[in-house]
Amino acid sequence: NSMKKSEMNNSIITEYIMPCRIVAEKSCINSDAILTESPRQIRAFTKRKCLEIEKGGYIILDFGAEIQGGVMITITDVPDDSHLRIVFGESVSEAMSEIGYKNATNNHAIRDMVWPVSFYQTFRAGNTGFRFVKIEATDNPVTISGIQGAFDHRDIERKGAFECSDKLLNKIWDVGAYTVFLNMQEYLWDGIKRDRLVWV
């Protein structure tokens, strides 16, 4: 075996997260099917009810919490030479925004991409911070049997705690602690979407 492993391997694991709700949709059929778990392995002649997005249509999904990672998409049918536009957002408005609108960018981590797709395909797209994702059929209709969030993180114990009589302050502390956890990737980053640099 001539494979040479990197000396910089890490303890990152990937957990797969189901979308918890559909925020918005346009020109979709069987959209609720995407909220039911499906194997990521594509299967020929599946009898499962699938999400169908017509050309120019889209669906916006909520994963219930901010995560660091991307999405796994399983496609059952799509014409040749087809693409999906995949837009990640920490908010619904960001997932619906165009590059350049109100300072929306693709800097640091690509959050708005056009991805070539084919039938009988499972692929992962994205490496950023997000809670919402918009999947748009740009040039042809597409049939999708599954969409899951790919949550990359270190499997570490949360040490320390804080609790007081002020519920809002407790919530603020918890959000801060979770944010630090999300930023504990290969290094301690200053942000999972930007700047994704070692925290100084």
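Biologist: What makes strand 3 (residues 51-77) count as mostly covered?

Modeller: 20 of its 27 residues are buried. Buried means under 20% relative accessible area, exposed over 50%, and partly exposed in between (1.4 Å probe, protein chains only). Strands are DSSP runs of E, at least two residues, and helices are runs of H or I, at least four, numbered from the N terminus. This is a predicted model: local features need pLDDT of at least 70, side-chain atom pairs count only at pLDDT 80 or more, and totals for chains, interfaces and linings use all residues. Residues are numbered from 1 along each chain as its sequence is written, and side-chain values use heavy atoms, without hydrogens and water.

Biologist: How do you know that strand 2 (residues 21-29) pairs with strand 3?

Modeller: Two strands pair if DSSP finds at least two bridges between them. Strand 2 and strand 3 have seven, so they pair, and they run antiparallel. Glutamate 25 has isoleucine 59 of strand 3 as its bridge partner.

Biologist: What joins strand 3 to strand 6 (residues 121-137)?

Modeller: 13 bridges, again antiparallel. Glutamine 68 has glycine 129 in strand 6 as its partner.

Biologist: How many bridges join strand 3 to strand 7 (residues 142-154)?

Modeller: 11, and these strands run antiparallel. Methionine 72 stands opposite glutamine 148 in strand 7.

Biologist: Why is tryptophan 173 called partly exposed?

Modeller: Its relative accessibility is 31%. That value lies between the 20% and 50% limits, so tryptophan 173 counts as partly exposed. Tryptophan 173 lies in helix 2 (residues 167-182).
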